[in-house]
Structures are given as C-alpha cells and as structure tokens.
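Subject: Structure handover

Hi,

Here is the structure I promised to pass on. Please open it alongside this message, and my notes follow below.

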Amino acid sequence: MTRRTVTAWLLPLAATVAAAVAFSATLGFLPVSVTDVVAVLFAKISGQAPPADIDPVAATVIADVRMPRILASVLVGGLLGVSGAVFQAILLNPLADSYTLGISTGAAFGASLVIVFQIFGLSLPTSVTVPIFAFGGAVATLAVVLFLASGDRRLSSTSLILAGVIVAAILSAAIGFLKFLADEQVGLIVFWLMGSLAGASWANIALLAPAALIGTLVAIYYSRDLNIMATGDRTATSLGVHAVRIRLSLLVVTSLMTALAVSVSGIIGFVGLIVPHMLRHLVGPDNRLLVPLAFFAGGLLLLVADTLTRAVLPTEVPIGVLTALLGGPFFCILFKRRQRNGATAF
Amino acid sequence: MAQPHSDRRHRSLWSLTDINFSYGDQPVLHNINLELEHGYCTGILGPNGCGKTTLLDLLAGLRTPDSGSISFQGQPLHLWSKKQLARLLALVPQDFMVRFGFTVREVVEMGLHPHLHRFASPSRTDQMLIDATLQATGIAALADRPITQLSGGEKQRVAVARALAQQPAVLLLDEATSNLDIHHSLEILHLIRNRFHQKRLQVVAVMHDLNLASFFCDRLIFLKDGRVVCQGATGDVLTPATIESVYNVEAEVSTSTFTNSRQVSFRLPRSS
C-alpha cells in the first residue's frame with residue numbers, strides 16, 4: 001500500500017464519515033444546526049457544560065439521544081465491514097460473511113431463546129440478557145464450528161464453510177421452533193432479528209469502540225499475511241506465513257467482533273458481505289487497504305441507513321431491511337458494470 | 001548441458017534418514033534415506049502417486065515425517081523457523097491459484113515477504129528486483145493485469161517469478177512446467193539453469209517429462225510406491241532398465257547431439 005492510496009481513499013472516506021456523523025445529528029424531530037452539533041460535542045468531550053446560547057433540550061437530545069445511536073451505527077457497521085473482509089480473506093471466498101460460519105445465526109438463536117424464556121414467565125431484564133445471550137450464542141457456535149472443522153488439522157476453508165453451513169442450518173430450524181413457541185409474541189423475535197439501533201446508549205459505545213479499535217488493528221496487523229494466504233496454504237507457508245494459526249486467531253477475533261456488534265444491534269445482514277465486496281471492486285483486493293476502508297465504508301453505510309430510518313422515513317423500518325435495500329441494488333449495478341468491462345466477477 | 005559446480009565443500013544440502021510418512025492410515029513414503037548434495041540440479045521422478053510431491057513438502061518443511069529425521073544444511077529441519085526457511089527456500093507449486101484479483105506485480109512482490117519487516121514497503125532496490133524478475137520471466141507486459149484473468153501458462157510464469165523474487169538459496173519446483181507449452185517450459189528451465197550457474201541457485205525439481213529432466217537435471221532420484229528405486233548422476237541412472245522398472249514401459253535411451261543430453265523414447269511393453 002502506497003501513501004498515495006491512503007490519501008486517495010482512506011482520508012477522504014474517514015472525513016466523509018465524520019461529516020456524515022455531524023450532519024446526521026442535525027436531522028430528526030428537533031432540527032439543529034451543524035455548528036450547534038459540533039459545539040455540543042466539543043463541550044461533551046471536554047467535560048464542560050454545553051454553550052449557553054444553545055437550547056438545553058436540543059443539547060441533551062444531541063448528546064444523549066442522537067449521538068450514542070449515531071456512533072453505535074458507525075461502530076457496528078465498521079465492525080461488520082471489517083469482520084466481513086477478514087472472513088472473506090481467510091475463507092478464500094468472496095461470498096463469505098458472519099452467516100457463512102453460523103456466527104450471526106448463533107447470536108440470533110441466543111437472543112430468541114431469551115425472548116421465549118420471557119414469554120414463559122422467566123422475568124429477565126431483556127436489555128441485559130439479550131446482548132449476553134446473543135454474544136454467548138455466537139461464541140458457542142464458533143466453538144462448535146471449530147470443533148467440527150478441526151478434524152483435518154489444517155482448518156481448511158472448505159471444512160470451515162461446510163461445518164458453518166451445517167450448524168447454521170440446525171440453528172435456523174431451532175429459531176423457527178422458538179418462533180413457533182413464541183406464538184403471538186413472535187413479533188419481538190422478528191423485530192430483533194431484523195436489527196435496530198434505537199436502544200443504543202453510551203454504555204454500548206464504551207463496549208463497541210475499544211472492540212472496533214482493537215479488532216481492526218489486529219486485522220490490519222495480519223493484512224499482508226492475509227494477502228499471501230490468497231495464494232493457498234502451501235505457497236503461503238513456504239513464504240513463512242503461519243496460515244493455520246493466523247486463520248484460527250483471526251476467526252476468533254472477527255467472530256468476537258461480530259458477536260459484540262450483533263449483541264448491540266440485533267442481526268444486520270448484508271453489510272459484512274457487501275462492503276468488502278464493493279471495496280474490492282473499487283480499490284482491488286489488497287487487505288492492507290481493504291481492511292481499514294471496510295471499517296469506514298461499513299460505518300458509513302449503516303449510518304446512512306440508520307439516519308434514513310430514524311429521521312427521514314415517516315416510520316422506522318428495520319435497519320437490516322434497509323441495508324439490504326440500499327446496498328443490494330448498488331451492488332447489482334457494480335456487478336453488471338464489471339461484467340460489461342469483461343472482467344471476472346470476483 | 002552443464003557440469004555441477006566445483007564446490008570444494010560439497011556439503012550436504014538435505015540429509016534424510018529412515019523417513020516414513022503417511023496420510024492418515026495410507027502410507028506414502030517408506031524408509032527414505034537420501035543425501036541431496038550442494039551444487040547440483042536434482043530431479044525427483046516417478047509415476048503418479050509415488051510420493052514425489054510429498055517428499056518435496058517434507059524437504060520444504062511443509063509436512064513433518066511420521067518417523068525418521070531430516071536435516072537441512074546440517075541442522076535438524078524442525079529447528080529452523082518458518083521465516084528462516086522462507087528466506088532460503090522457495091516453492092513453485094504445480095497449480096498456482098490465487099483467489100482474489102491481485103495484480104501480477106502484487107503477487108510477485110509477495111515473494112519479498114520473508115525479507116520485509118511487517119509494515120515496511122518495498123525499497124527502491126526491491127522494486128528494481130521485481131522489475132528485473134518480471135522481465136526475466138517474460139511477464140512484464142502483464143504486470144498490471146489481475147492474476148485471475150491470466151491463462152494457466154501465464155499464471156505458472158507468475159509463480160516462478162514470485163519464487164525468484166523470494167531470492168532463495170534453493171528453488172523447489174513441483175512439476176512447475178507441466179502446464180506450459182514446450183517453448184515456455186524451455187524458457188523457464190533455461191532461466192532457472194542460468195540462475196543455477198550464475199548465482200549458485202540450488203534446484204530440486206519434481207518432474208514428469210523424462211526428456212526435460214534429462215536436459216535440466218545433473219542428478220536424478222527415481223521413486224516408486226514411496227521408495228527410492230535408484231539415484232545418481234543423470235548419465236548413470238537414466239537407463240532403459242531404470243525406466244522399465246519404474247514406469248513399466250519399454251524405453252530406448254540415446255544421446256542426442258541436438259539437445260546435448262540423453263533422450264528417451266518409449267512404448268508399452270509388448271506383453272501387455
């Protein structure tokens with residue numbers, strides 16, 4: 001990666017995300033100006049009271065209602081984007097994402113379980129238990145998939161994908177059964193399964209921000225190894241890359257990233273699949289550039305989607321639906337254009 | 001076509017003692033004892049499934065034997081770190097597949113990996129090495145093309161370029177020219193042979209084509225059913241008797257003044 005590509009892509013994209021954050025905070029039931037948003041944020045960060053000339057209600061709305069949700073959408077999108085890029089690189093498959101290995105489905109099962117417990121009278125505070133169970137479900141699923149795939153000792157992408165698809169299929173059936181048990185309350189499960197950032201708080205940000213930072217840095221640290229792993233294990237190993245060890249550690253790291261993101265937002269599909277994919281069309285497959293870009297592009301996509309559903313659309317549409325509706329057609333256009341240029345699809 | 005280097009030390013490159021290897025319960029190599037000496041292009045030959053590629057993987061440290069010991073440059077192979085080995089050994093696999101659309105140049109640059117610090121970019125000298133390698137392997141014109149768009153033969157030349165960019169002391173070829181037409185095969189083998197003479201690049205090559213092997217290798221090792229059938233200087237071991245016992249074909253070996261090497265003609269045994 002040259003300095004030129006950093007300035008050509010990374011800085012503009014990061015700046016766009018920052019601008020989008022500020023602009024998104026002005027949108028909503030209570031209109032405020034960009035300068036007010038910046039002033040309130042600056043005050044919040046430096047620990048001072050918001051400037052006196054700004055309506056205190058607006059200041060509270062910006063600082064404690066909109067901002068956590070906006071930042072959560074950027075962080076969740078970024079986490080999903082980076083994990084998607086890494087999943088695709090380690091599984092040597094441009095169609096892989098957190099669903100391929102059943103991680104997201106495991107999280108969905110965990111969350112559905114709590115919601116069904118609820119219906120059967122076990123009163124657990126859902127705001128705490130749903131994230132914990134979703135996280136636990138994702139981690140347990142990863143453990144099972146790794147156990148199933150570890151038979152060949154090389155942890156090949158084929159065994160991993162096969163194990164993931166089997167486990168995901170079983171979990172999907174189990175979720176179907178839980179929905180059936182939930183009967184009239186099924187809406188609660190369905191809503192969680194389609195994702196929402198409406199409940200995001202500063203506590204969530206305190207959890208997501210370090211996870212996003214550490215996870216992305218780990219992925220960047222291994223990005224050159226990831227490039228080389230695209231030449232196959234044999235060549236990669238002969239170049240001194242510990243392919244199996246890196247695959248295992250990155251699998252654990254990215255699964256934890258996905259699990260954390262999903263435990264806050266519910267299931268948001270498509271971001272992990274489409275963001276790295278689109279970026280590969282635009283800047284090529286070099287993971288040293290792709291991984292950091294996937295963070296900002298994922299964050300931007302989810303922020304736009306969440307802002308639309310929060311402030312622009314007349315009623316809140318589940319964000320998972322919006323990401324697919326926004327990203328899908330864009331992806332189709334890229335896909336067709338690339339075929340017309342005579343290039344192979346991936 | 002060449003005399004081995006007059007290396008005074010003539011020390012052993014690899015030394016294999018009582019090597020056994022199996023995939024699960026399927027034995028592949030039995031009691032292999034071999035000395036691979038410094039200063040030769042060594043060819044490993046034998047029928048399909050005789051364990052040639054496995055033997056190469058063992059030499060490269062990509063697999064560990066079930067029993068027996070391998071030493072490389074006098075030191076047990078398992079004591080070498082992957083990174084140390086990667087600075088000395090480069091492998092050209094038979095089917096070089098890259099899963100994402102990296103450009104040819106990016107792929108060749110991957111050869112620098114064991115020599116570069118994790119976050120370092122290639123230096124000017126490195127860039128010049130890459131340019132020279134692209135030129136030498138005849139793929140300079142393809143440098144900016146995604147490797148996924150190349151033909152099999154072009155990809156194979158990229159694989160060779162990538163291995164050369166690794167600046168190894170030893171080049172391991174796993175049927176590296178099997179997918180190339182005769183012109184490109186000869187070009188690649190000549191290039192490697194030149195590196196052998198000029199830069200003392202050691203070569204161990206698994207090969208299928210006996211005539212190319214005869215022209216390219218100073219020493220040959222014949223494997224059959226996971227055992228070493230015979231080994232020695234090409235002129236001594238490339239005989240009708242060896243070929244018949246290894247491949248079960250009748251052969252005639254003659255010295256060709258045209259290629260300045262021994263050449264083999266074959267036919268199926270009459271009785272079959």
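Predicted model: local features only at pLDDT ≥ 70, side-chain atom pairs only at ≥ 80, totals over all residues.

Residues are numbered from 1 along each chain as its sequence is written, and chains are lettered from A and ligands numbered from 1 in the order in which they are written.

Chain B overall

Chain B has nine helices and 12 strands; helices (H or I, at least four residues) and strands (E, at least two) are DSSP runs, numbered from the N terminus. Its radius of gyration, taken over C-alpha atoms, is 19 Å, close to the 19 Å that the globule rule (2.2 Å times the number of residues to the power 0.38) gives for 272 residues, so chain B is as compact as a globular protein of that length. Along the principal axes, the C-alpha atoms of chain B fill a box of roughly 60 × 45 × 40 Å.

Of the 272 residues of chain B, 42% count as buried. Here a residue is buried if 20 or more other C-beta atoms lie within 10 Å of its own, exposed if 12 or fewer, and partly exposed in between, with C-beta atoms placed from the backbone. Among the contacts in chain B with a separation of 6 or more, 65% come from residues 24 or more positions apart; two residues are in contact if their C-beta atoms, placed from the backbone, lie within 7 Å.

The six-stranded sheet

Chain B holds an open sheet of six strands in the order 6-7-8-3-9-10, with mixed pairing; two strands pair if DSSP finds at least two bridges between them. Strand 6 (89-92) and strand 10 (227-233) stand at the edges with a single partner strand each, so one side of each is left without a neighbour in the sheet. From one strand to the next, the twist averages 15 degrees; axes are lines fitted to C-alpha atoms, for helices over the stretch in contact, and angles run from 0 to 180 degrees between N-to-C directions.

Helix 5 (residues 152-165) of chain B packs on this sheet, touching strand 6 and strand 7, and its direction makes about 180 degrees with that of strand 6. Strand 7 (residues 170-174) and strand 8 (residues 202-206) of chain B pair in the parallel sense over five bridges, with B:Val170 opposite B:Gln202.

The hairpin and positive phi values

Strand 11 (residues 250-256) and strand 12 (residues 261-267) of chain B run antiparallel, joined by seven bridges. B:Ala251 stands opposite B:Phe266. This hairpin has four residues between its strands, and B:Asn260 takes a positive phi near 60 degrees.

Most residues other than glycine have a negative phi. B:Asp18 has a positive phi, near 50 degrees; B:Asp18 lies in strand 1 (residues 12-23) of chain B and is exposed. B:Arg200, with a positive phi of about 55 degrees, sits in the loop between helix 6 (182-199) and strand 8 of chain B and also counts as exposed.

The contact between the chains

The contact takes 19 residues from chain A and 22 residues from chain B. On the chain A side, helix 9 (223-229) and helix 10 (233-238) each supply at least two residues, and helix 10 gives the largest share, four residues.

Best wishes
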